[in-house]
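Trainee: Hi! Could you walk me through this structure, please?

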Amino acid sequence: APAAASATAFAAAAAEPSTPAAAAESAKSLTPRRPLDLTTPRGAGGGAPATPRPTPGSTRQPRGVGGGKVFSSVGLTFVKQMSALVAELDSTRCNFVRCIKPNPAMAAGVFDAPYTVTQLRHTGMLQCCELLKHGFPTRISYTEVVERYAPHLPPDVGRLRLPPRDFAAAVAYGFGVQRDLYQLGATRLFFRAGGVACLDGLRSCDMAARGPEIVARVRRWIVLRRFRRALAHTLAGLRLCRLLRRVRALALWRAALLPVRAYLRSGLRRLAR
């Protein structure tokens with residue numbers, strides 16, 4: 001009982017402030033506080049948002065009022081540079097260079113033929129040259145052919161309104177490129193080694209002198225293509241007619257064979273009796 005009384009008296013003394021300052025401080029502590037807004041940073045006075053200060057050595061920039069560029073980091077700069085490099089590589093043609101030592105001593109003005117041939121043989125350059133000789137290493141899309149050579153041709157060629165594939169074939173024939181140097185694919189034009197150089201001469205030739213000849217050859221190619229298609233259709237029709245005649249003759253022969261079989265069967269039965 002004395003312990004309970006002393007605990008009650010201690011709690012009452014702690015609840016009642018002893019001085020007016022303590023009472024004011026107790027009332028202030030009991031006043032509900034407004035929740036903090038953690039989304040908007042504020043300055044030292046609690047008013048306008050504080051402007052973040054960039055740390056030394058950082059490339060981060062403060063956000064603009066209009067919501068523009070936030071920052072330019074090292075990673076973003078690297079991505080932009082790589083994109084520019086890839087775009088530049090896509091706009092050019094890739095070439096591979098193989099470095100060969102002319103002599104073991106690396107002396108100037110000395111060319112060791114057996115040593116060089118050995119390097120070429122072990123690096124696979126001889127097989128690569130053989131493959132380039134018999135294959136079609138260069139491939140150009142028909143759209144790229146139109147974009148590259150159409151501005152250099154006379155206006156009469158553009159008025160023909162040829163599809164990209166027919167345009168590539170007509171230009172190659174009109175400029176006199178040898179037929180064994182290129183092949184027409186489904187979406188690309190395939191060239192042997194040195195075939196593109198022959199067609200690139202179209203961009204540097206004198207169109208005032210060779211323009212009429214090229215236009216005449218292009219029109220000749222169109223006429224030849226129409227003639228070949230008409231000839232192919234005619235030959236296909238003749239073959240179909242021959243096949244139809246054979247089918248009809250076979251049907252008539254089978255129809256005529258039925259009574260013969262019936263007669264033979266009846267005669268054999270009579271002989272058997």
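Mentor: Happy to; we'll go from the overall layout to a few single residues. Keep in mind that this is a predicted model, where local features need pLDDT of at least 70, side-chain atom pairs count only at pLDDT 80 or more, and totals for chains, interfaces and linings use all residues. Residues are numbered from 1 along each chain as its sequence is written, and side-chain values use heavy atoms, with hydrogens and water left out.

Trainee: Got it. How many helices and strands are there in the protein chain?

Mentor: There are ten helices and three strands. These are DSSP runs, numbered from the N terminus: helices are H or I with at least four residues, and strands are E with at least two. Along the sequence the pattern reads α-α-α-α-α-β-α-α-α-β-β-α-α.

Trainee: And what share of the residues count as buried?

Mentor: Of the 273 residues in the protein chain, 15% do. Buried means under 20% relative accessible area, exposed means over 50%, and partly exposed is in between, using a 1.4 Å probe and protein chains only.

Trainee: What about contacts across the sequence?

Mentor: A contact means heavy atoms within 4.5 Å. Among contacts in the protein chain with a separation of 6 or more, 54% are between residues 24 or more positions apart.

Trainee: Let's look at helices. How many residues of helix 8 are buried?

Mentor: Eight of its eleven residues are buried, so helix 8 is largely enclosed by the rest of the structure. Among the buried ones are Asp 166, Phe 167 and Val 171. Just after helix 8 you'll find Gly 176, with a positive phi of about 85°.

Trainee: Which residues are buried in helix 6?

Mentor: Tyr 142, Val 145, Arg 148 and Tyr 149 are. They cover an arc of only 125° around the axis, which puts them on the same side of helix 6. That arc is taken from the directions from the helix axis to the C-beta atoms.

Trainee: Why would residues a few places apart point the same way?

Mentor: An α-helix has 3.6 residues a turn, so residues three or four places apart point the same way.

Trainee: Nice. And what covers those buried residues of helix 6?

Mentor: The cover includes strand 1, helix 8, strand 2 (182-184), strand 3 (188-191) and helix 9.

Trainee: Okay, strands then. Is Ile 140 buried or exposed?

Mentor: Ile 140, in strand 1, counts as buried at 5% relative accessibility. Leaving aside residues up to four places away in sequence, Ile 140 touches Val 145, Arg 148, Arg 188, Leu 189, Phe 191 and Val 196.

Trainee: And is Arg 139 buried or exposed?

Mentor: Arg 139 also lies in strand 1, but at 56% relative accessibility Arg 139 counts as exposed. Beyond residues up to four places away in sequence, Arg 139 touches Arg 188, Leu 189 and Phe 190.

Trainee: You mentioned Phe 191. Where is Phe 191 found?

Mentor: Phe 191 is in strand 3, and is buried with a relative accessible area of 1%. Not counting residues up to four places away in sequence, Phe 191 touches several residues, including Phe 136, Ile 140, Tyr 182 and Leu 199. The C-alpha atoms of Phe 191 and Leu 181, ten residues apart along the chain, are separated by 5.7 Å.

Trainee: Switching topic: what volume does the largest pocket have?

Mentor: About 770 Å³. On a 1 Å grid over the protein atoms alone, a pocket is an open set of points where a 1.4 Å probe fits, with protein on both sides within 12 Å along at least five of seven lines, and lining residues have an atom within 4 Å of a point. Grid points are joined across faces, edges and corners, and the volume is the space filled by probe spheres set on the points.

Trainee: Which residues lie nearest its centre?

Mentor: Of the 23 lining residues, Arg 93, Cys 94, Asn 95, Phe 96 and Thr 138 lie nearest the centre of the largest pocket. Domain 1 (83-134) and domain 2 (138-262) both give residues to the lining, so the pocket lies between them; the domain bounds come from an automatic or database domain assignment.
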